[in-house]
Amino acid sequence: MNISFYTATTGAIQQQDRLDVHANNIANINNYGFRAKQPSFSQLMTGPVVGIEGDLMRGVGSRMEDAATDFRQSGLTGTERKLDYAINGQGFFGLLDPRTGEISYTRDGSFTLSEFKETGDVTVTEVNELGEAVTRTESGEVSKWYLSDGMGRFVLGKTGQRIAVADGMEEMTDLPELPVGVFDFINHDGMLSLGDNRMVPVDKNGQVGLGSGEAVQGYLELSNADLANELTKVIESQRSFQYMLRMITTSDEIETTVNGLR
């Protein structure tokens, strides 16, 4: 069968994948801290075909190689909410899952307070009304309020500790600026995306360290997906998909003509 049939089929499948990436960016356009994905393509294997006047190059299309994350900072918007934080500069907030011990990273700083109970001799470090860190040891069942992402994960402080808030401050009245940590990696390429705008590092990202960015209270970072750009890319993907289908139809008509020759 004509090689163009397979080339067009491969192209249509890849354009569908590209469309899915841009559609996901648009769906998250209003999610705080969202990092847009940028698809990239590479050429599939090509090989020479012996022709009348020499070798001819034959290809089988292209494939979407990767959907890299765009880590460029977006604008900040003021919320006047004391539990909201944004990062001005490079870095991520650290989130600890107490059930699995997994640490993930995010740019979404729309935090809240969550109650957590511990049993036994517990060393508690909390921030009081003056913004001072106070450490004490309590016995028995200790119920404390910690800064969290609202999904059961603790927000990590500057030294990697959970951030506890003094009793009586659950209403968030006169809440001081908390020691929210900003962490970063030498290389961002290849970080794995999870749900809820979270990411986890891979080996090539290197060891985690303190980020150069600054945590700013009362602000949130907007999504860095550009709606105009994403809509343009959606139209490009749709048009390319249509061209691929037309190429398949044309190839099929050619084969039908050949099969009908007497």
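Helices (H or I, at least four residues) and strands (E, at least two) are taken here as DSSP runs, numbered from the N terminus. On that basis, the secondary structure of the protein chain comes to two helices and 20 strands. The model is predicted, so local features need pLDDT of at least 70 and side-chain atom pairs count only at pLDDT 80 or more, while totals for chains, interfaces and linings use all residues. Residues are numbered from 1 along each chain as its sequence is written, and side-chain values use heavy atoms, with hydrogens and water left out.

Of the 262 residues in the protein chain, 37% are buried (under 20% relative accessible area, with exposed meaning over 50% and partly exposed in between; 1.4 Å probe, protein chains only). The chain has an accessible surface of about 14700 Å², 52% of it belonging to carbon and sulfur atoms (Shrake-Rupley method with a 1.4 Å probe; for residues, only the protein chains shown count as cover). Contacts (heavy atoms within 4.5 Å) between residues at least 6 apart in sequence join residues at least 24 apart in 68% of cases.

Leaving aside neighbours within four places in sequence, S251 is in contact with S4 and F5. I254 also lies in helix 2, which spans residues 227-259, but I254 is partly exposed, at a relative accessible area of 40%.
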